[in-house]
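Thanks for making the time this morning.

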Amino acid sequence: MAFLNEDIAIVGVGTTDFAAQYKERDPSRTSYSLGIDALKQALDDSGLELSDIDGLLCSRMPSYERIGDLVNLRHVRVVNGYEGSGRMAGVVIQHAAALIAAGLATTVACIYGNNGRSAAMTYGGAGAGTPDHLYYDLAYGMTSPGAYVGMMYQRYASIYGAPDGALAPLAISNRKNAALNPIAVMKEQITEEEYLAARYIADPLRLYDYCMINDGGAAIIVTTKERAKNLKKRPVLISASASSGDLTNFYTKPDFFDEASRFVADKVYAQSGLTPDQMDCVQIYDNFTPIMLFSLESFGFAPRGEGWQWIRDGRIELNGEMPINTSGGHTAEGYMQGWALQIEAVRQLRGEAGARQVSDCEIAQYICVSPIVTSHILRRG
Amino acid sequence: MTTEYTKPFPPITDLNRPYFEAGAEGVIKLQSCNSCGNIWFPAAEHCPRCLEQDYEWKPMSGRATLWSWVVMHQVYFKSFKDDVPYVVAFVQLEEGPFMMSTVTGVDREALKRDMPLRATFVPAKEGSWLPVFEPAA
């Protein structure tokens, strides 16, 4: 049984030029303008007009009302603003599909804008608005999602015997892919020696285990398969989509998100009738490299505890058995918090990925392991 | 002599005061539900298991195990600038709840997964105390 009978399709995608935007900070650059640039591209990409849009879901831009005014979408039938966290990228697309399937809208524009680099934002630290419950951790100098992931990886490495440098192939592979992606921010190649020589942020994690902070926008237009028939590009069908919360006081989860991830994995593989080895590429939410190992293991690509061995020797590289994060991911393309990873899946399925194209790519999976685990399986329509 | 406490610290409220003052007695106190027996951390108005608001603050054993740790190198707070690199530990209390803390009295190379710990206390802001952990003998 396919998700919503594969009646819902992605028909337009847009991204801004992350590399160009990284070169210069611009304090006047707003998340709105980045999101709108991406929306314009997605409309051009799909052949749709603004007047065709009857749903608006946005993330990270402070006000959906402001966006509605800025793009003259004042009477959309569904509208919402989602918090600017990466876990929402998959949630927004899933909700767009569900809302369309329920008949509440026909064509939903999903928009993301992030001016974090220009605004000099950080992940970590405290300020006005930090919730009281986080201070229990801040009192010990504990902050930043990377440190919480570092806690999990320290334990993982100890239990499963992963040596220092076991994460290096993930960071190196992302950089290789980024070199083939014109809009990627970090195209310089790194070696294992350079990976190991980089400074620690929260030991056991080093600089290259971390995503970056950059500016950019991303937009995805979702509609019915029926409506998709007369549009510009071959549609990408949503074959499966599922989610599960893993909601506790700590980003550090004692089971490395396994229970929630396995629930989602079982759902998407059952909905699509596919298995992990049938994916032509996988786009994995890599805010920090260890999350890729947890994702690969809980979703059944690699046995528990063996992900760090499974990713070695080029298996996950572009010409390997299972290409992963073909755009360069969050550590090399840019940190669009899952949005650009979903768009990369669409571009691969359409054969639009240029020098980094996976040959004959028909099925792609998006996986986000986080306090809201989400995954979609997308199929060339 | 009083010096200003510069590290991040929660606002003390009627809800959380028993937790932060319990260090004066040398114990960790957590809320325990009079209705279902659940024990939780951090402080909350309702029992997360049965949603009752009938609880009392009970002393814990102070015994815990080291689930994991990181050594923080990045300076996220000016007030920790002189402390880097410092250990942050994720510990599980014998009674079940997890908490962030640190481990003192041991080289960080000697930290071991699941090593037994016991709570001790350091003074913090204005009569409050923070539990920290040391290796159990």
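Predicted model: local features only at pLDDT ≥ 70, side-chain atom pairs only at ≥ 80, totals over all residues.

Let me begin with the contact between the two chains, to which chain B contributes 36 residues and chain A contributes 38. The area buried between chain B and chain A comes to about 3100 Å², and carbon and sulfur atoms give 68% of it. On the chain B side, B:Trp67, B:Tyr76 and B:Met100 supply 22% of the area that chain B buries against chain A, which is more than any other three residues.

Which residues line the largest cavity? From chain A there are A:Tyr135, A:Tyr136, A:Ala139 and A:Tyr140, and from chain B there are B:Pro10, B:Tyr19, B:Phe20, B:Phe41, B:Met99, B:Met100 and B:Leu130. By class, that lining has 11 nonpolar residues, with no polar and no charged ones. Helix H5 (135–138) of chain A, together with helix H1 (17–21) and strand E6 (98–101) of chain B, each supply at least two residues of the lining.

The second largest pocket holds about 340 Å³ of space. It is lined by 19 residues, and those closest to its centre are A:Tyr140, B:Phe80, B:Val87, B:Thr102 and B:Val132. The elements that give two or more residues to this lining are strands E5 (86–93), E7 (116–123) and E8 (129–135) of chain B.

Helix H2, residues 31–46 of chain A, has 16 residues and reaches 23 Å from its first C-alpha to its last, close to the 22 Å expected at 1.5 Å a residue. Its buried residues include A:Leu34, A:Ala38, A:Leu39, A:Ala42 and A:Leu43. The buried residues of H2(A) pack against several elements of chain A, among them strand E1 (8–15), helix H3 (64–70) and helix H14 (339–350). After H2(A) comes A:Gly47, which has a positive phi, near 85 degrees.

As for H14(A) itself, its 12 residues should span 16 Å at 1.5 Å a residue, and its end C-alpha atoms are 17 Å apart, which agrees. How many of the residues of H14(A) are buried? The count is 12 of 12, and among them are the charged side chains A:Glu344, A:Arg347 and A:Arg350. H14(A), too, is followed by a glycine, A:Gly351, whose phi is positive, near 75 degrees.

B:Val70, in strand E4 (residues 63–72) of chain B, is buried, because its relative accessible area is 0% and the cut-off for burial is under 20%. Leaving aside neighbours within four places in sequence, its contacts include A:Met151, A:Gln154, A:Asp203 and A:Pro204 from chain A, and B:Tyr86, B:Val87 and B:Val88 from chain B. A:Val373, in strand E11 (residues 372–380) of chain A, is likewise buried, at 0% relative accessibility. A:Val373 and A:Ser244 are 129 residues apart in sequence, yet 5.2 Å apart in space, C-alpha to C-alpha.

Finally, the backbone. Most residues other than glycine have a negative phi, and most peptide bonds are trans. The peptide bond from A:Asp203 to A:Pro204 is cis, with omega near 25 degrees, and A:Pro204 lies in the loop between strands E5 (200–203) and E6 (205–206) of chain A. A cis peptide bond also joins B:Val84 and B:Pro85, with omega about -10 degrees. A:Phe257 has a positive phi, near 70 degrees, and sits in the loop between strand E8 (236–245) and helix H10 (258–272) of chain A. For A:Asn325, phi is near 50 degrees, again positive, and this residue counts as buried, at 0% relative accessibility.

Conventions: Residues numbered from 1 in each chain as written. Chains lettered and ligands numbered in written order. Heavy atoms only, no water. 1 Å grid on protein atoms, 1.4 Å probe; cavity = no way out; pocket = protein on both sides within 12 Å on 5 of 7 lines; lining within 4 Å. Points joined across faces, edges and corners; volume = space filled by probe spheres on them. Helix = DSSP H or I, 4+ residues; strand = E, 2+ residues; numbered from the N terminus. Expected span 1.5 Å × (residues − 1). Buried < 20%, exposed > 50% of the residue type's maximum accessible area, 1.4 Å probe, protein only. Contact = heavy atoms within 4.5 Å. Buried area = accessible area lost by both parts, 1.4 Å probe.
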